[in-house]
Amino acid sequence: MRILITGVSGFAGPHLVRHIAGTKPDHEIWGLVWAGDRAAPPNSVRPIEGDITDVSSLAAAFSSARPDIVFHLAAASSVAGSWKEAGWFLEVNAIGTANLLEAVRANGNTTRVVVASTGEIYGAVPAEHQPINEDAPLEPISPYAASKAAQDLVTAQYFHGHGLDTVRLRLFNHTGPGRPPQFAASSFARQLARIERGLDPPRLTVGNLDAIRDFTDVRDVARAYWLAATDGIAGGVYNVCSSQGTSIRRVLEILIEASGVEVEIEEDPGRLRTADIPQLVGDNSRFTDLTGWRPEIPLGQTLGDLLDWWRHQI
């Protein structure tokens with residue numbers, strides 16, 4: 001089987017590659033590598049240079065890879081950054097997805113496409129209506145979430161209008177080794193690792209610690225991607241999450257406990273979002289009932305591994 005992964009050099013991409021290579025060593029894994037990527041794809045990947053905003057490069061990539069399955073992970077993913085570059089986020093996340101699906105159409109509509117959407121598209125759902133299931137309306141409040149809601153709807157349209165074999169995964173917060181530092185848990189872990197080494201004073205800058213999020217380990221998410229490709233129903237949409245809410249404050253406490261350092265906590269106004277969602281917890285029952293998937297890695301292990309990863313980086 002031939003597999004193409006967009007965003008293969010990003011956060012989740014390498015974890016997905018390791019999962020596939022470890023469980024399906026006979027499969028060919030191709031990776032769409034953007035020219036601006038600073039990270040190289042894993043060694044088991046056959047790289048193809050391309051850009052999801054460039055239709056001709058996608059056509060060339062499909063001609064080379066001839067994939068049976070596409071995992072579409074490439075995205076502009078910073079909620080905070082989207083407030084400054086809303087148009088670019090729409091171009092990458094919505095138009096880029098349409099470009100990819102057009103490349104699938106041009107190659108005969110025989111490829112299954114798993115698209116990485118996000119739980120952020122549900123918006124600020126009242127706490128009494130959580131955990132959120134897939135039938136909830138899409139009410140995004142950030143430009144990032146709006147661009148991903150457009151991506152989600154474009155993917156559904158290509159299934160209903162063109163018969164493409166698409167599966168949408170609405171991923172809630174996931175973290176673990178390799179997470180970029182612009183995301184809260186990884187920012188905390190990086191700061192703690194630097195404090196441990198004596199590179200920074202014992203002061204940790206934070207944003208809103210009261211927000212509640214649904215965290216899953218990226219390695220469990222990698223398993224979910226594969227099960228979506230093999231067991232997901234064409235046109236299906238599934239939440240991938242733990243169905244458990246954890247405050248950002250508790251995430252910070254777990255990391256500080258794992259580090260053992262004493263730190264002063266300082267709120268940084270620059271880390272506060274223009275519009276924030278107080279609580280975002282998903283209902284994973286549709287996906288778990290279909291595939292048997294369950295999160296297996298506890299949050300404490302996830303955060304400990306993230307801290308260890310930053311220790312090695314620093």
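This is a predicted model: local features need pLDDT of at least 70, side-chain atom pairs count only at pLDDT 80 or more; totals for chains, interfaces and linings use all residues.
If you set aside residues up to four places away in sequence, G245 touches I212, R213 and V281.

S243 is not a glycine, yet its phi is positive, at about 65°.

## The largest nonpolar core

In soluble globular proteins, nonpolar side chains tend to be buried together. Here the largest nonpolar core has 31 residues, and the members that touch the most others are I5, F71, V114, L169, Y225, V240 and F287. Two or more residues come from each of these elements: the strands β1 (2–6), β2 (28–33), β4 (69–72), β5 (112–118), β6 (165–171) and β11 (237–240), and the helices α1 (12–23) and α7 (218–231). Which element gives the most to this core? That is α7, with 8 residues.

Leaving out neighbours within four places in sequence, Y225 is in contact with A12, L16, F71, L73, V114, A116, L169 and L171. Apart from this core lies another one, of 25 residues, including L4, A65, V113 and Y144.

## Helix α5 and what follows

Helix α5 covers residues 143–162. Its 20 residues should span 28 Å at 1.5 Å a residue, and the C-alpha atoms at its ends are 27 Å apart, so the two values agree. Just after α5 comes G163, with a positive phi of about 75°.

Which residues of α5 are buried? They are P143, Y144, A145, S147, K148, A149, Q151, D152, T155, A156 and Y158. These buried residues pack against the strands β4, β5 and β6, and against the helices α3 (79–82) and α4.

Helix α10 runs over residues 299–313, which makes 15 residues. From first C-alpha to last, α10 reaches 21 Å, close to the 21 Å expected at 1.5 Å a residue. T302, L303, G304, L306, L307 and W310 are buried in α10. The buried residues of α10 pack against β7 (174–175), α6 (184–196), β10 (216–217), α7 and α8 (248–259).

Two packed helices are described by the angle between their axes and the distance between the axes. For α6 and α10, the angle is about 50° and the axes are 8 Å apart. That makes α6 oblique to α10, and the crossing is right-handed. On the α6 side, A185, S186, A189, R190, L192, A193 and E196 take part, and they meet L303, L306, L307, W310 and R311 of α10.

## The α2 and α4 pair

The axes of α2 (residues 55–65) and α4 (residues 86–106) come within 9 Å and cross at roughly 40°. Why is α2 called oblique to α4? Roughly parallel would need an angle under 35 degrees and roughly perpendicular one of 65 to 115, so α2 counts as oblique to α4. The crossing of α2 and α4 is right-handed. The contact involves V55, L58 and F62 on α2, and N99, L100, A103 and V104 on α4.

## Backbone details to check

Most residues other than glycine have a negative phi, and most peptide bonds are trans.

R66 lies in the loop between α2 and β4. Its phi is near 45°, a positive value in a residue other than glycine. Is R66 buried or exposed? Its relative accessibility is 52%, so R66 counts as exposed.

The peptide bond that joins Q130 and P131 is cis, with omega at about 5°. P131 belongs to the loop between β5 and α5.

Note on methods:
Residues are numbered from 1 along each chain as its sequence is written. Side-chain values use heavy atoms; hydrogens and water are left out. A nonpolar core is a set of buried Ala, Val, Leu, Ile, Met, Phe, Trp, Tyr and Cys residues joined through side-chain atoms within 4.5 Å. Buried means under 20% relative accessible area, exposed over 50%, partly exposed in between (1.4 Å probe, protein chains only). Helices (H or I, at least four residues) and strands (E, at least two) are DSSP runs, numbered from the N terminus. Contact means heavy atoms within 4.5 Å. The expected span of a helix is 1.5 Å times one less than its number of residues. Axes are lines fitted to C-alpha atoms, for helices over the stretch in contact, and angles run from 0 to 180 degrees between N-to-C directions. Angles under 35 degrees count as roughly parallel, over 145 as roughly antiparallel, 65 to 115 as roughly perpendicular and the rest as oblique. A crossing is left-handed if the near helix is turned anticlockwise from the far one by less than a right angle, and right-handed if clockwise.
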